Amino acid sequence: MTFQRIVITLLVLIVAGLGAIGYVEWKMAVQVRTLKAFVEGYVFNEAVMACEQAKSSTPFKWNGGKSTSVIGLNSVKLDKYTVSASYTLVADSVYCDYDPIKRKAEIGSSFLERE
């Protein structure tokens, strides 16, 4: 009888622990989505201005573009200590990567090949 109570108690604790882990993970995911949306909204205007002013043989026209879309904020961990961020916009099939840290835009570049 004691063994059965111990097993049931352990089972209840495991289920409660898994529920608590799921709740904490859900709350963290909501906070990360909120933070990402805030950062993307903060960077958007700077990215559009920098992309339109970037020198390139292919002009980037966000305001006059027929087909525009935001790919969003991306990040790549280059090594153990370096994370590279990019905010990518597309206007009329012209890609523009904006680096919010360096405040520099590159048109037609590949984010993964950038320095």
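## Burial and model basis

A residue is buried under 20% relative accessible area, exposed over 50%, and partly exposed in between, using a 1.4 Å probe and protein chains only. C96 has a relative accessible area of 0%, so C96 is buried. C51 also has 0% and is therefore buried.

This is a predicted model, where local features need pLDDT of at least 70, side-chain atom pairs count only at pLDDT 80 or more, and totals for chains, interfaces and linings use all residues. Residues are numbered from 1 along each chain as its sequence is written, and side-chain values use heavy atoms, with hydrogens and water left out.

## Confidence

pLDDT is the predictor's confidence in each residue, from 0 to 100. The protein averages 85. A score of at least 70 is reached by 94% of the residues.

Elements are DSSP runs numbered from the N terminus: helices are H or I with at least four residues, strands are E with at least two. Helix α1 (residues 2–53) has the highest mean pLDDT among them, 91. Strand β1 (residues 68–77) has the lowest, 82.

## Annotated segment

UniProt, in an unreviewed entry, places a "transmembrane region" at residues 6–26. UniProt positions follow the numbering used here, feature names are shortened, and annotations may be inferred rather than shown by experiment. In the model, residues 6–26 are 100% helix and 0% strand.

## Disulfide

The structure holds one disulfide, defined as a pair of cysteine sulfur atoms within 2.5 Å. The bond joins C51 to C96, with an S to S distance of 1.9 Å. The angle about the S-S bond is -90°, and the link is left-handed. C51 sits in helix α1 and C96 in strand β3. The two cysteines are 45 residues apart, and their link connects distant parts of the chain.

## Aromatic pairs

A pair of aromatic rings is described by the distance of the centres and the angle of the planes. Rings of Phe, Tyr and Trp (its six-membered ring) pair if their centres lie within 6.5 Å; planes under 30 degrees apart count as stacked, over 60 as edge-to-face and the rest as tilted. By this rule there are four aromatic pairs. F38 and Y42 are stacked because their ring centres are 6.5 Å apart and their planes lie at 15°. The two are four residues apart in helix α1, so about one helical turn separates them. Both F38 and Y42 are exposed.

F60 and W62 form another stacked pair, at 6.4 Å centre to centre and 15° between the planes. F60 and W62 are both buried. Ring pairs also bring in F44, giving a cluster of F44, F60 and W62.

## Nonpolar core

A nonpolar core is a set of buried Ala, Val, Leu, Ile, Met, Phe, Trp, Tyr and Cys residues joined through side-chain atoms within 4.5 Å. The largest one has 16 residues, and F60, L89, Y98 and A105 touch the most other members. At least two residues come from each of α1, β2 (83–91), β3 (94–99) and β4 (104–107). α1 gives the largest share, five residues.

Contact means heavy atoms within 4.5 Å. Leaving aside neighbours within four places in sequence, F60 is in contact with C51, E52, L89, V90, A91, V94, C96 and I107. Both disulfide partners, C51 and C96, are on that list.

## Loop residue K66

K66 lies in the loop between α1 and β1. Its relative accessibility is 82%, so K66 counts as exposed. The C-alpha atoms of K66 and S93 are separated by 9.9 Å, and the residues are 27 apart along the chain.
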